[in-house]
Amino acid sequence: MRLFSVSFTILFLFASCTTLCKGFNITKILAQHSEFSTFNHYLSATHLADEINRRRTITVLVVSNGGMGSLLSRGFSLPTMRHVLSLHVLVDYFGARKLHQLSGDTTLVSTFFQASGNAPGTSGFVNISMHKGGVVSFAPSDSDLDTYTPVSFVKSIFEDPYNIAVIQISTILESAVAEAPAEAPSAVNITDLMAAKGCKTFADLLLSTGDAAKTFQNGIDGGLTVFCPLDQAMDYFLPKFKNLTDAGKLNLLLYHAIPVYYSVQMLRSNNGVMNTLATEKKNYNLTVQNDGEVVTIKTPAGVVAKIVGTIKDEDPLALYTIDKVLEPRELFKKEVPPPAPAPAPVVAEAPRKAGKEKKHVPAQAPEPAPGPDQEPADQKAADENSAVMMIKGAGSLATATIVVGMLVSLTL
């Protein structure tokens, strides 16, 4: 009975982790619905998708490709498009059921636009109203409710209760404040930032090696994460660097950047193999791992570098300092561990003297066989351990349930 209780506890924890530890990806959710491909594209182009995925308790008001036409015809810049679309991301959960249970005339909800600090005064909020017949409408807080045509709720697209709701609305929310021309982010000189924060040697190599600096600089707009070795690590590595070909030098530098923006929190939750700026015909991949708060980057050549500082972490650019130079397997072979020492020679047993026989030791009586209701202790422990290991390796709740069934049979 105790074995069953332990098994049930393990299964409960496994199922809880399956529910609580999962995240969501708005891009993948919308990719399953081709009618929202334009909206989905601009969530990625404006980097709102990454910000949405980092949050919890959120509602995204999506618009079909046809409904996006009026917005696209105005030729807004990407910064302005970001403001408009951020008005469509509510910082609270509103599934279809919750929307239809709203009481009172109007509910005022904050949005990404308001939370960004770019919405002056009380603008950047959205009014949600319930009308007769169960019709739910949305309107920006800076609109004139007497003349503004409210945007209506169409249907629910995806819901993960109290985490994320993706619901369709009839058309784009129009806001004079959100649609005002937005200034483009100020230009960032990536090598100047590196040189000022302990990575001058790496920055100088970028400037002196082919078009490395230009490639890094051009990659910022689309999202870029750079792992910059500190000067001490680079100085130690320079003899190896000088022995590389020109192409090898360029690829090594490009190997230190990922063409996607990753905050520290995102790196901790996106462990695994990642492409780099050097990834073209050859792999040039690396692996991001974490141990609690510590993030490490491992290369197939056997180098494990640790993130030790942050130079800049602001979408779309993340610059981190690391304590080692990343060596790709394509340029450096993995270090082979030294061979294991040879086993010690076996000393031959000395021959017995004549006339002396080895004393006979009587064999011990065998252990009594277990009865029908009794199980050998070692076998029982092995069965329990095997069952627990199977639960640890279970890839789904269904697999875990099968294993629990096996545990129950062991106790019968």
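## Exercises on a predicted model

The second largest pocket holds about 530 Å³ of space. This is a predicted model: local features need pLDDT of at least 70, side-chain atom pairs count only at pLDDT 80 or more, and totals for chains, interfaces and linings use all residues. Residues are numbered from 1 along each chain as its sequence is written, and side-chain values use heavy atoms, without hydrogens and water.

**Exercise 1.** Find which residues lie closest to the centre of the second largest pocket.

*Solution.* Start with the term. On a 1 Å grid over the protein atoms alone, a pocket is an open set of points where a 1.4 Å probe fits, with protein on both sides within 12 Å along at least five of seven lines; lining residues have an atom within 4 Å of a point. Volume is the space filled by probe spheres set on the points. Next, take the lining: 21 residues. Closest to the centre are Phe24, Asn25, Asn53, Met266 and Asn270.

**Exercise 2.** Find which helix supplies the largest share of that lining.

*Solution.* Helices are DSSP runs (H or I, at least four residues), numbered from the N terminus. Helix 2 (26-31), helix 3 (37-45), helix 4 (48-54) and helix 14 (264-269) each supply at least two lining residues. Helix 4 gives the largest share, 4 residues.

**Exercise 3.** Name the edge strands of the open sheet of 7 strands.

*Solution.* Strands are DSSP runs too (E, at least two residues). Two strands pair if DSSP finds at least two bridges between them. The order is 2-1-7-6-5-4-3, with mixed pairing. Strand 2 (89-90) and strand 3 (106-110) each pair on one side only, as edge strands.
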